[in-house]
Amino acid sequence: MISNPPILQVRDLVKKFGAVVAANDINVDISKGEIVGIIGANGAGKTCFVNMVTGYLPPTAGSIKFEGEELVGLETRKITHAGISRSFQVSQVFHSMTVGENLMIALAIANNRALDALSLMDTPELRSKLDNVLNRYKLNAQKDTTVSALAQGVRKLLDIAMAVVSKPRILLLDEPTSGISVEEKFDFMDIVMGALKEDGVTVLFVEHDMEIVARYVSRVLAFYQGEIIADMPPKKALADKKVQEFVIGKEHHKKKK
Amino acid sequence: MNKGLVAVLAALVVGAVAFMLTSEKPSEEKKEATAPVADEGEQITIAVPSFLTGGAAGPFGIPAMNGAKMVVDAINKGKLPAPYNTKGFGGATASLIELDEGGGATKQVAEYRNLVEKRNVDAVVGYISSGNCQALAPIAEELKQFTIFATCGTPRIFEEAPRQYVFRTMSHATADNTAAAMYVKENFPGMKGYTGIQQNYAWGQDSWRDFDLTLKQIMPNSKASDNVQFPKIFAGQYGSEISAMSLDSADLVHSSFWGGDLEAFIFQGAARGLFAKKTGVLTVGGTAAYRLGKKLPNGIVLGARGPYGILVRDRDSVLNQWFINTYKNLYGTYPSGPAYQYGQAILAAKIAYDKAGSDPSSEQLAGALRGITFESFSTKVEMSLGGGHQAVTENGYGITKYDEVNGENIVTDVKFYPASCIMPPDGVGSVEWIKGGMKGAKC
Amino acid sequence: MFNDKTSKFLLVAGLLLILGGAFAPNWIVNQFMFGFSRALAILGLMVLWRTGLVSFGHAFYFGLGAYAVAILDIKLGVTDVFLRLIAGALVAGTAGFLVGFIMRNYRNIFFAMLNTAISMVLFGIVVKTEALGSTDGFAISMSTILGVSPETKYPLFVIITLVGMVAAILVNYYLKTTFGKLTTAIRDNEIRVEYLGFSVAHAIHLKYSISAILAGGAGALMAMSLGQVDPESMINWTVSGELVFITILSGPGNVIAPFIGSLVFEVLRTYAFELAPQAWQLIMGATFLTIIFFIPGGIWSVLEKIGGKKNDK
Amino acid sequence: MDTFLTILLDGLQFSSYLFIVSAGLTIIFGVMKILNVAHGSFYAWGAYTAAFFIGKFSDMGMPDALGFLIIIAAAVVVGVVLGFIIEQGILKYMYQRDEVLIVLATFGLFLVLEDIILIAFGTDPYFAYQPMALLAAVEIGGITRDVYGLTLIGVATLVAIGCWWLLNKTKWGTILKAVIFDREMGISMGINVPLVYTLTFIGGAILGGLGGAYIAPTISVAPGLGTEVIVLSFAVVVVGGMGSIAGAAIGSLIIGLLRAVAVHELPQVELFVVFAVMAVVLVFRPEGLFAPAKPRKI
């Protein structure tokens with residue numbers, strides 16, 4: 001493991017929905033440049049963790065610090081400004097617009113947060129940035145296709161590309177390969193991880209697919225009933241008894257819905 | 001749900017609707033285009049706005065339209081009794097455009113502009129709502145369009161500004177209420193306190209103000225209630241208001257309600273014994289007399305906004321008997337106030353056309369009608385106020401009584417007050433005239 | 001900046017209409033005045049609609065604009081057409097900005113209904129207050145233009161057309177800015193917009209205020225062209241319904257659409273009223289249902305189909 | 001004391017009326033998320049149908065007591081027929097579309113139904129005073145009250161209890177609550193949501209029709225009577241919380257009682273009351289006093 005000071009510091013994080021405990025006293029440090037895989041059965045609290053880090057859900061108790069700055073209590077967009085971005089399990093994009101327009105909006109917002117209402121969106125500067133993003137995420141061919149006509153995989157790629165244009169220092173990916181066919185998934189992850197490596201982004205991703213986890217991750221966090229039951233390198237984790245019983249075992253029972 | 005059940009229900013409804021449609025088709029539904037007379041003579045178009053939709057249509061708008069259609073038709077055919085038995089409007093045959101008056105003053109303004117500028121009507125004769133008249137008077141002036149208001153009552157129209165093209169052929173609301181107050185004084189001299197329920201707009205506000213001010217002058221010992229009710233027009237339910245008035249110490253209830261609101265109020269008040277305990281004064285009650293039959297309580301002081309409808313049923317002038325009989329033949333009921341008022345306004349248009357010569361301008365028509373006196377169906381009309389644009393007529397009241405023998409309502413103790421007694425002289429505003437002790441009133 | 005096809009079309013069409021208006025009969029000029037006045041409000045509703053929001057209560061702002069003109073006229077004797085217009089837009093805009101703090105938190109049907117509720121409060125107050133003209137409303141004196149009182153309505157028509165043209169060109173430009181582009185983005189996916197780092201609430205607040213200003217201006221122009229205001233025709237919920245009707249009728253495709261839609265509505269109503277004084281509501285309602293069911297893109301989509309891909313006629 | 005009793009009874013009577021007409025609106029909204037502007041038409045059709053047949057049967061010499069049966073029959077027939085036709089013929093095809101568009105469709109329907117009434121029944125008002133006359137009047141608190149008006153309180157109570165029982169004590173209630181909370185969840189639980197929608201719409205329509213049918217004997221049944229009702233019931237629903245029966249009850253009571261106080265003590269502010277209550281609620285609790293729970297997305 002790399003011994004940089006932690007870029008993300010989570011302390012005593014608790015989230016309760018009535019009687020259901022979705023996060024039970026989570027403590028974890030993430031260092032700069034790490035690629036972390038978050039695994040766990042459905043309902044183990046993975047997405048809830050991502051939601052809390054990005055400000056979508058307020059925690060019941062605890063603290064989340066990003067580069068020493070407290071995130072709890074900040075709105076989603078403030079956290080984006082701070083430098084944390086995310087993708088979604090079900091891609092959250094603008095479905096009635098083209099890929100190009102989607103990215104243009106993302107770029108425009110990233111470029112100019114005060115948003116000057118009087119300036120046109122379509123500027124040469126943004127266009128060149130757009131071409132750059134399209135290249136890196138191999139979306140050139142689909143630039144003028146409306147999202148609703150895109151294949152699932154391309155949508156997910158777009159979803160991630162939109163999260164990245166704001167140049168985050170931490171990126172959380174929520175099940176990046178769900179809905180992507182077995183044949184395509186490695187190509188897909190190669191594109192994504194390649195682009196992210198270039199920028200030196202710290203990545204946390206939630207994943208069901210242990211092959212993907214084994215291949216791309218330097219560290220695994222295994223969730224079970226709102227707790228981290230294992231925090232170790234992927235090889236070790238996949239061999240771990242507890243992980244096998246509570247995470248992988250469960251996974252095999254209810255694969256795919 | 002069971003499909004059979006649905007089918008049965010559907011069949012039931014279809015049957016019911018068919019039954020309704022066939023059993024009571026209202027006779028006036030038929031669109032009779034007013035007699036396209038064969039002669040090649042001149043043609044004019046008269047627009048007649050009235051309430052054709054909404055709560056005011058049945059009691060007010062439709063009888064009014066009927067009155068107008070009947071008189072236009074008779075004039076076209078030259079069938080009015082003398083001295084109006086010449087054919088046509090200055091010889092021209094009139095076709096009548098029916099128009100809905102509902103939807104608010106602003107919509108009426110837009111429609112009026114259309115009438116004048118798009119459909120090029122020659123004259124506009126009608127309007128029931130004071131709100132509409134008030135909004136349209138300045139527009140008519142702006143467009144220089146000869147217009148006769150038939151029924152609307154607010155005195156403000158000719159008191160606010162001098163008019164060149166706008167006329168009103170019946171007296172305004174002040175007359176209704178000064179006459180009502182005088183009638184109360186004569187017939188109920190012991191009245192100690194009075195309250196009222198009025199619709200919340202110019203008509204209701206003006207009516208109450210005039211009635212209240214007059215009583216303060218002529219019966220200074222009577223006391224006005226603090227809780228006069230002003231529900232919204234077309235509210236329909238007056239339970240709480242009736243309770244409040246029942247608890248009030250006043251022994252008289254004045255209302256300028258009209259149309260559907262009036263009928264609902266009479267119903268609800270009668271069921272609650274309101275009119276048994278207190279004397280009701282209904283200034284526009286005349287329209288209810290023929291329609292409600294036995295449901296109209298006895299002993300109500302009833303007005304018809306002038307010498308019209310049930311108040312003049314016994315006047316046996318040729319013109320009046322022609323009006324009553326023709327109307328009854330055509331529409332199956334006695335003519336109520338609005339029918340008379342619209343008929344009278346149409347008659348005024350004929351007189352203006354007859355006098356103004358062929359193909360007259362709006363100026364010529366206005367000149368012809370300004371300041372004249374004419375004999376209408378039920379009364380004499382003098383265009384003497386507002387520089388000769390506002391009519392004055394006598395006004396009267398009676399007391400309701402159900403005639404068991406003939407199974408209809410009649411009025412007893414009818415008394416008429418001459419115009420000079422109940423209306424201010426020209427140039428004097430209603431309010432200042434009443435407040436000043438009604439100077440110059442000749443009763 | 002304004003050299004796109006839509007702006008050019010607006011410029012040319014506006015000038016042609018102004019020329020044509022000089023020779024047209026009065027009633028046609030009237031229809032254009034009413035139509036274009038209303039179109040201003042539709043323009044604002046269109047911006048909201050593109051954001052996925054439909055307000056069933058914009059008669060609130062329309063009425064505020066109209067009544068601002070009336071009150072200024074009666075209490076202060078203000079007759080200048082520009083002062084009246086600015087007052088109407090300003091009053092409505094201020095109200096819209098304040099109400100926006102509530103509205104920006106609501107979406108869908110709740111947004112629609114809360115707007116209705118607000119408009120009904122104003123309706124109730126106006127109807128019940130004699131000083132505000134109660135049910136009768138007010139007549140409004142003829143507008144003067146920089147101190148000159150015109151003989152005919154034509155100058156007012158010219159001003160309304162110019163105001164409509166300028167507003168349409170500005171809105172068209174606005175829709176091309178980042179802010180404007182956010183309309184569809186917000187409709188499609190608010191969560192993403194927030195995660196991109198932009199406040200949906202602020203964006204909606206701005207759009208809502210713009211729509212209020214436009215509706216207020218529309219009310220002011222309508223009051224001036226009609227010469228009358230009353231609560232039934234300016235503030236009641238049925239007026240809000242009409243405004244939404246025209247918005248749907250026009251279609252969201254282009255800023256020209258509201259002007260065409262409003263004109264069609266004006267003509268439709270005039271003729272429905274003329275042909276069937278007792279059943280004109282039925283005609284309007286049936287048209288409404290037909291549009292919702294069969295032409296969801298409104299008149300604009302039909303024009304586009306006829307004219308192929310190019311969006312001019 | 002008399003005044004107090006009178007205000008209380010007036011208030012309760014008006015509240016009852018408000019509750020009956022708004023219950024249907026709020027039920028339909030709660031389950032289907034449709035603000036049904038055509039609700040006013042159900043009311044009008046209920047009133048017309050009841051008034052028409054009460055008059056007809058009375059003319060045919062039938063006993064006046066039949067009137068009560070006619071009122072219920074009118075409500076049911078109007079609700080079932082209009083509700084069924086509108087839901088199956090029009091709304092059904094719109095559930096996939098924006099819910100605001102559905103509001104607009106009901107607005108279009110409202111316009112159409114208003115004029116169909118004119119065509120079917122004409123412009124002349126109908127009177128159906130027989131049931132009111134039958135129950136005569138009593139002296140309460142020093143003034144005469146018609147018994148018929150008082151029975152309105154009983155009817156409203158019955159409707160309230162019925163709704164409560166249906167929602168909380170029956171299997172149907174459980175199903176409804178599931179659909180109200182989250183439609184998608186309802187579908188995934190195997191609930192026949194289209195059927196729930198149809199029945200709910202018919203149920204709401206029956207309540208709307210009942211409001212009109214029951215009030216018909218006390219008013220002059222004339223064109224345009226539906227417009228006013230929409231405004232009032234809408235106000236109640238906004239105050240109470242859109243989609244909540246308890247909210248509609250509380251909203252009706254607040255508005256009804258305050259209005260009665262105003263009419264008696266300060267008639268100038270009578271119409272303000274309704275809107276003032278609405279304004280206050282809007283500013284401090286825009287989702288209404290009893291906003292039902294909302295499911296979270298994501």
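Residues count from 1 along each chain as its sequence is written, and chains are lettered from A and ligands numbered from 1 in the order in which they are written. In this predicted model, local features need pLDDT of at least 70 and side-chain atom pairs count only at pLDDT 80 or more, while totals for chains, interfaces and linings use all residues.

**Exercise 1. Describe the contact of chain D with chain B.**

Step 1: Start with the two sides. Chain D brings 43 residues and chain B brings 43 residues, where a contact is a pair of C-beta atoms, placed from the backbone, within 7 Å.

Step 2: Find the elements. On chain D, those that supply at least two residues each include α1 (2-32), α3 (66-89) and β2 (143-146). Helices (H or I, at least four residues) and strands (E, at least two) are DSSP runs, numbered from the N terminus. The most comes from α1(D), with 6 residues.

Step 3: The chain D side holds 23 nonpolar, 12 polar and 8 charged residues. Here Ala, Val, Leu, Ile, Met, Phe, Trp, Tyr, Cys and Pro are nonpolar, Asp, Glu, Lys and Arg are charged, and the others, Gly among them, are polar.

**Exercise 2. Trace the pairing around β9 in chain B.**

Step 1: Take β8(B) (residues 252-255). This strand pairs in the parallel sense with β9(B) (residues 279-282) over 4 bridges; pairing requires at least two DSSP bridges between two strands. One bridge sets H254(B) against V281(B).

Step 2: Move on to β10(B) (residues 301-303), which runs parallel to β9(B) and is joined to it by 2 bridges. Look for L282(B) opposite L302(B).

Step 3: With α11(B) (residues 286-292), β9(B) and β10(B) form a right-handed β-α-β unit: with the strands pointing away from the viewer, the path from the first strand over the helix to the second runs clockwise.

Key:
Two residues are in contact if their C-beta atoms, placed from the backbone, lie within 7 Å.
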